[in-house]
Amino acid sequence: MLLALLFLLINFVFLFALLASADIRIKGAVPFPSDVLRLKELGVGGVVTLNEPCETLVPTSLYHCGSF
């Protein structure tokens with residue numbers, strides 16, 4: 001029983017370390033200006049857009065204020 005618990009604990013620690021160091025990329029819609037701070041709170045480290053400057057909803061300066 002103790003060996004099984006130890007095995008589960010080791011797997012949990014390994015999985016947590018793997019997820020914590022993962023480089024996750026999510027593709028989706030263009031964020032709104034009100035989303036910038038929430039994205040930062042969620043741990044988003046950067047936003048890449050392939051849109052034309054006239055199509056973006058968030059000015060670059062807002063991302064800089066959010067320390068992206």
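Let's start with a pair of charges. Glu41 forms a salt bridge with Arg38, and their closest N and O atoms are 3.5 Å apart. By salt bridge I mean a side-chain nitrogen of Lys or Arg within 4 Å of a carboxyl oxygen of Asp or Glu. Side chains of opposite charge can pair when their charged atoms come close. How many salt bridges does the structure hold? One.

Both partners, Glu41 and Arg38, lie in helix 2, residues 36-41. They are three residues apart, about one turn of the helix. Glu41 is exposed, at 60% relative accessibility. Arg38 is partly exposed, at 47%. The cut-offs: buried is under 20% relative accessible area, exposed is over 50%, and partly exposed is in between, with a 1.4 Å probe and protein chains only.

A word on the source. This is a predicted model, where local features need pLDDT of at least 70, side-chain atom pairs count only at pLDDT 80 or more, and totals for chains, interfaces and linings use all residues. Residues are numbered from 1 along each chain as its sequence is written, and side-chain values use heavy atoms, leaving out hydrogens and water.

Now confidence. pLDDT is the predictor's confidence in each residue, from 0 to 100. The chain's mean is 75, and 72% of its residues reach 70 or more. Helix 2 has the highest confidence, with a mean of 84, and helix 1 the lowest, at 69. Where pLDDT is low, the predicted coordinates should not be read in detail.

Next, the overall fold. The chain has three helices and zero strands. Helices (H or I, at least four residues) and strands (E, at least two) are DSSP runs, numbered from the N terminus.

Back to helix 2, which also holds Val36. Is Val36 buried or exposed? Buried, with a relative accessible area of 2%. Val36 and Leu62 are 26 residues apart in sequence, yet 7.5 Å apart in space, C-alpha to C-alpha. Across the chain, buried residues make up 7% of the 68 residues.

Last, the surface. The chain exposes about 6,200 Å², and carbon and sulfur atoms supply 70% of that. Areas come from the Shrake-Rupley method with a 1.4 Å probe; for residues, only the protein chains shown count as cover. Leu8 sits in helix 1, residues 2-20. Leu8 is exposed, at 54% relative accessible area.
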